[in-house]
Amino acid sequence: MNRFITTFRGHVGAVYQCCFSADSRLLVSSSKDTTLKVWNVRTGKLAMDLPGHKDEVFAVDWSPDGEKVGSGGKDKAVRIWRN
């Protein structure tokens, strides 16, 4: 049976995408507010705030080894972030 686990709050704009790390310990989200946020799934707390895009961030994903996050946005930039 499916059950609700938790809610992560912290973005001030719409959330466009989120993705779990390979080990499912972290969740990264991208938003209209120009930031990415990394959440600790176990504690439900914000682990890292990743500002840097100049406009909305539409896409986000983890590298297969879980060491990096790639993001792309309306600012026409693709950024790589190291965990």
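Strands here are DSSP runs of E at least two residues long, numbered from the N terminus. By that numbering, Pro 51 sits in the loop between E4 and E5. Keep in mind that this is a predicted model.

**The nonpolar core**
- The largest nonpolar core has 11 residues: Cys 19, Leu 26, Val 28, Leu 36, Val 38, Leu 50, Val 57, Val 60, Trp 62, Val 69 and Trp 81.
- E5 is the top contributor, with 3 residues.
- As background, nonpolar side chains in soluble globular proteins tend to be buried together.
- Leu 50, a member of this core, touches Thr 35, Leu 36, Val 38 and Trp 81, leaving aside residues up to four places away in sequence.

**The cavity**
- There's 1 cavity of 30 Å³ or more in the structure, and the volume of the largest cavity is about 40 Å³.
- Its lining is made of Val 38, Met 48, Leu 50, Trp 62, Val 69, Trp 81, Arg 82 and Asn 83.
- Sorted by class, that lining comes to 6 nonpolar, 1 polar and 1 charged residues.
- Strands E4 (46–50) and E7 (78–82) each bring at least two residues to the lining.

**Met 48, a lining residue**
- Met 48 counts as partly exposed because its relative accessibility is 28%, and partly exposed covers the range between under 20% (buried) and over 50% (exposed).
- Setting aside residues up to four places away in sequence, Met 48 touches Leu 36, Lys 37, Val 38 and Asn 83.
- Met 48 and Ala 59 are 11 residues apart in sequence, and their C-alpha atoms are 17 Å apart in space.

**E5 and E6 as a hairpin**
- E5 runs antiparallel to strand E6 (residues 68–73), and 5 bridges join the two.
- One of the pairings to look for is Ala 59 with Gly 72, its bridge partner in E6.
- The hairpin has 5 residues between the strands, and Gly 66 takes a positive phi near 75° in it.

- For context, most residues other than glycine have a negative phi.
- Ser 24 isn't a glycine, yet its phi is positive, at about 65°.
- Ser 24 sits in the loop between strand E1 (15–20) and E2, and with a relative accessible area of 42% it is partly exposed.
- Thr 34 also isn't a glycine, and its phi is positive, near 80°.
- Thr 34 belongs to the loop between E2 and E3, and its relative accessible area of 23% makes it partly exposed.

**Back to Pro 51**
- Pro 51 and Thr 34 are 17 residues apart along the chain, with their C-alpha atoms separated by 6.7 Å.
- Not counting residues up to four places away in sequence, Pro 51 touches Thr 35 and Trp 81.
- Thr 35 and Trp 81 are also among the residues that Leu 50 touches.

Definitions and conventions. Residues numbered from 1 in each chain as written. Predicted model: local features only at pLDDT ≥ 70, side-chain atom pairs only at ≥ 80, totals over all residues. Heavy atoms only, no water. 1 Å grid on protein atoms, 1.4 Å probe; cavity = no way out; pocket = protein on both sides within 12 Å on 5 of 7 lines; lining within 4 Å. Points joined across faces, edges and corners; volume = space filled by probe spheres on them. Helix = DSSP H or I, 4+ residues; strand = E, 2+ residues; numbered from the N terminus. Nonpolar A, V, L, I, M, F, W, Y, C, P; charged D, E, K, R; others polar. Core = buried A, V, L, I, M, F, W, Y, C linked by side-chain atoms within 4.5 Å. Buried < 20%, exposed > 50% of the residue type's maximum accessible area, 1.4 Å probe, protein only. Contact = heavy atoms within 4.5 Å. Pairing = 2+ DSSP bridges.
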